[in-house]
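The exercises below go from contacts between chains down to a single residue. Try each task before reading its solution.

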Amino acid sequence: MIELTLQALFSGLLAGGYYATVAVGLALVFGAMRVINLAHGELVLLAAYIAYAAESRYGINPVMAIPIALVVVASASAIVYALLSRIEQDREINSLILTFGIGIIMTNGILTIWAADIHSTTNPWFQDSLVIADTLFAMNAEVAFFVGGLALMAGVYWWLNHSWQGRAVRALTSNRNAAMLMGVNPRQTEILSFMIAALLATFAGVAIYTGKTVFPSLGHVLTVKAFIITVLAGMGSIHGVLIGAIMIGVIESLTVTYLSASLQELAGMLLFLVVLFVSPSGLFGGRRALAR
Amino acid sequence: MKHAILGAALLAAYVGVPLLFGGTPYVMGLIVAALTIAGVALAWALLGNLGGMVSFGHAAFFGVGSYTSAVLSMKLGVPVFAALLLGGLGAAVASVAMLPALRLRGPYFALAILAYAHIFQILATEMTPITGGAGGLLSIPRFPTLFGLEFGGKTGGYVIILTIILLSAFVYDAVRRSAWGLALKAMHDTEIATRVIGVPSTHLKAAMLALSAFITGVVGAFNAHFISFLEPDYAFSSTWTVLPIAAAIFGGYRTVWGPVVGALAIYLLDQLVFKPILPHGHQMVLGVLLCAMILLSPGGLLPVLLRRRRSEGGRHAHA
Amino acid sequence: MTRTLAKLAATVATAALMVALGGPAAQAKDFLLGSELPLTGNLARVGQGMHEGIAVAIDMANKAQAGKHSFKVSTIDDETSPAKAVAAVEKLIGDGVVALTGGYGSNIIGPASEAAQKAGVVYITSGGVTPDLTGRGYKTFFRINNTDGYALAMIGLLQDMAAKKVSVVYLNKEATSNLAKQVKETLSAKGVAVTMHEFDGSTSDFKPLINKVKLQDRPDVVAMVGYENDYVGILRAAKVLKPDVKAMVGVWSLATSQMAKEFPDLMENVHGTSMLSFPVEFTQPEALEFAATYKKLFNKEPDYLGQFGYVQTRLLIDAILRADAAGTLAGGGLPDELRKTDAQTLIGRVTFDAKGDNPNFTHRMGQHQGGKVVLVWPKAFANGAMRFPATPW
């Protein structure tokens, strides 16, 4: 019984790590630009497919494929940003539709280029098991990317708090006009946040490729998950994203273990609603989410 | 002059279209599908404009309305037209469950509704004795034949959904112009001030949510009886959320008829023009169209079309 | 003079003979078939596979009937949506197709075949296995496979393995849960202890679930009922957790060359339903031609979806030709003609009962062995020895 719970917690933790790496990029852009990039999930998926192409065609190890995928995803992100910055009025809702349209284009593009088959890494190291104390089991891929993801997120957190650029992003998030008055160039800062988001998305995409399976319609699923976790965490909070993601991961695996696996999704959604009702601006979001 | 145009439009819609397309069930079916999307788009725009709330989960109301109506007519023998209204009522009741979400702002509210949609979908999948579970419901009763008119057929269905949309647009417009509409507009601008002068903002918002849910529920119920088939993935599919939003934006969501025009344009263009040309890539074209519309004319299609004929100044500026 | 007269007589006689023998069948006809399939959306991969099989059948028919008749197929994507499937069927019927072949997913085939039934047009499919579909008793609905066939194969294998305890892990969609429940009922009646675990399609980490199976159920065999990404998830979790089981058995989409190629480490010793072994060892002339045409048109080995698409279309074409020769085609005689079918095909014997079902359908079980798929059940069709107990770890 204890073993069952421990494994559930462990699996939930690792799952949360995956969710967090996918969500942080979205959260960053949301905070910096007040823009919800509904194509974020597709960017993650794109990275995964580049890793697949690299491995299946040239036998490149997925980790080595990260720089290649990064170039592609960063370029795609740049295009998304260029289009977004041309919106003048009603930014929030128009950017939603624009990125949604871009998401459709990308999903169908991926479907056209790579067809609908499922793919995952064939590299055996990633699939080998890691056993701790004969009770906790995981795939190497999951643990490796969890640790890597944590490191990456720690890096982003440090950058946000201790570098000038990072603090500029945070300044923009809290008060755009004041930030501009203090000398923050909004355009540069926004592009930077998009690029950091691209880095995170690339990492998440390769992580998913090695640990799970990818297929074209996954993009939409990822976006929704990322969005939910972002809102759950509260605006502008990176550590909130990690904690929220792990909460969801753990609740899901506990539900699978003790109730029924078919209620997994339900549990996550209920948790999301409960948190929102108790704390309307998310876990760490300050008081700005209540209706004016 | 305006009445004449209105009369002609009504004539064309109720008589002209069936005459022209009644013989090709394929095209008629497409028009009905486009109008179904239009109905939801209208309800979504209503919520956004009058209630000030953007929702990402209208599929929740669509699905609840569909299942309520289907189950009532199949298990309790309720006549189909009555079941339609009860379906809408069921969706409105479901919106009551969403009351706690009303105090959330912007994207928080939008996502909360999305979570509800997922939850309802899972409930529909698991409550097998009532909803037929994952297999869904087959052979849902179709519309009966009344006054010699066969409402179960394609043209009959068209007439029904057309009437639903007209009635909904009428109600939408009526609320907009009424005292309540004024109050809602004021609320839009600053809720605190309106609260101070005694406008029951939360009640109004709840009422708008219920109205939007009711309309969406009726449209969902219509679809269930028209297609005669229902299952959780289909009833709560994100298509019922996403396409109406795209249609509303495309057509111009600040106007009453924009969403309807947008739905017809997007759906019919996609299925009749793009799909035959690009059997594999036509959804992509939809994406390109959406992007182009947002970048070039964010107000949507309708304002562009109406711009030439605009005589009054600011009357159409706000919802 | 006599010579010329003789020649003339001969020519006239031959002409008369041709007219007498030919009659309506001598007119070369173009038959247009309609196909409604998911080419985009969630079921895109399946639709594509079926589409290939149908194309092969058309190609082979055109070759066999060259100079006499020709066949064409018009395909419309139903985008994995019931409403669009109905629209596709209506459009195809409006375009004047003789019959419809295709469709995947019981929830999509239901409404689509209903639209065909209303227009009196035959709809034949291999993608709708649930009992509900034939339960409607439509005269125009035909299918060459059903849930029973899959369940019988899985149950047969489990019985051969003498499994005393089985854990069934199944997806909560209709086709998969029907199959799982049927397996449970049959096995329980035979005294086998069966535990059921239902999961949701969004599950990507199966470790908590498999851990439950490993620590609480402790079965002899794990039976999996789902789709490709579910199998991969379950097998990965099992490979990590290493439960003490004797075999991993699945159903459709598992014992395929595709899976062997994409996930070789994961598939070793896993069982799934499979009509053909891989590499395919075709011996019959029809099968050989099928494989060759498949290779020519699509440059790949035939997969099981293509097989089914091919068989259903081939039977349809045969019936069309028979009905045409008998002159009943135009008068709606195709359903009756199709019901007279009794043929040996790539998937075994096919006949159609009054409800349109193929009661002969029993699948076979294959096992992944070293990158190949070996048929191991039933014994009559086995072309290799079953490795048991054996798991991928």
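**Exercise 1. How many residues does the contact take from chain C and from chain A, and which elements of chain C supply them?**

Step 1. Chain C puts 28 residues into the contact and chain A puts in 31 residues; two residues are in contact if their C-beta atoms, placed from the backbone, lie within 7 Å.

Step 2. On the side of chain C that touches chain A, α2 (44–64), β7 (193–199), α8 (207–217) and α9 (228–241) each supply at least two residues. Helices (H or I, at least four residues) and strands (E, at least two) are DSSP runs, numbered from the N terminus.

Step 3. The most comes from α9(C), with seven residues.

Step 4. By class, this side of chain C has eight nonpolar, nine polar and 11 charged residues. Here Ala, Val, Leu, Ile, Met, Phe, Trp, Tyr, Cys and Pro count as nonpolar, Asp, Glu, Lys and Arg as charged, and the others, Gly among them, as polar.

A note on the model and its labels: this is a predicted model, in which local features need pLDDT of at least 70 and side-chain atom pairs count only at pLDDT 80 or more, while totals for chains, interfaces and linings use all residues. Residues are numbered from 1 along each chain as its sequence is written, and chains are lettered from A and ligands numbered from 1 in the order in which they are written.

**Exercise 2. Describe the side of chain B that touches chain A.**

Step 1. The contact takes 32 residues from chain B and 36 residues from chain A.

Step 2. In chain B, α5 (106–126), α9 (191–196), α12 (239–251) and α14 each supply at least two residues of this side.

Step 3. With 10 residues, α5(B) gives the most.

Step 4. The side of chain B that touches chain A divides into 21 nonpolar, seven polar and four charged residues.

**Exercise 3. Work through two helix pairs inside chain A.**

Step 1. Helix α3 (residues 62–84) and helix α9 (residues 186–211) of chain A have axes that come within 8 Å and cross at roughly 140°. That makes α3(A) oblique to α9(A).

Step 2. α3(A) passes α9(A) in a right-handed crossing, and their contact has 18 nonpolar, four polar and one charged residues.

Step 3. The axes of helix α10 (residues 218–233) and helix α11 (residues 238–258) of chain A also come within 8 Å, crossing at roughly 115°. This crossing of α10(A) and α11(A) is right-handed.

Step 4. Among the residues making the contact are A:Ile229 and A:Leu232 of α10(A), and A:Val241 and A:Ile248 of α11(A).

**Exercise 4. Is C:Val350 buried or exposed?**

Step 1. C:Val350 is located in strand β12 (residues 348–351) of chain C.

Step 2. C:Val350 has 22 C-beta neighbours inside 10 Å and therefore counts as buried. A residue is buried if 20 or more other C-beta atoms lie within 10 Å of its own, exposed if 12 or fewer, and partly exposed in between; C-beta atoms are placed from the backbone.

Step 3. Beyond its neighbours within four places in sequence, C:Val350 is in contact with residues including C:Ile144, C:Leu315 and C:Asn360.

Step 4. For the chain as a whole, 60% of the 393 residues of chain C count as buried.

Definitions and conventions: Axes fitted to C-alpha atoms, helices over the stretch in contact; angles between N-to-C directions. Parallel < 35°, antiparallel > 145°, perpendicular 65-115°, else oblique. Left-handed = near helix turned anticlockwise from the far one by under 90°.
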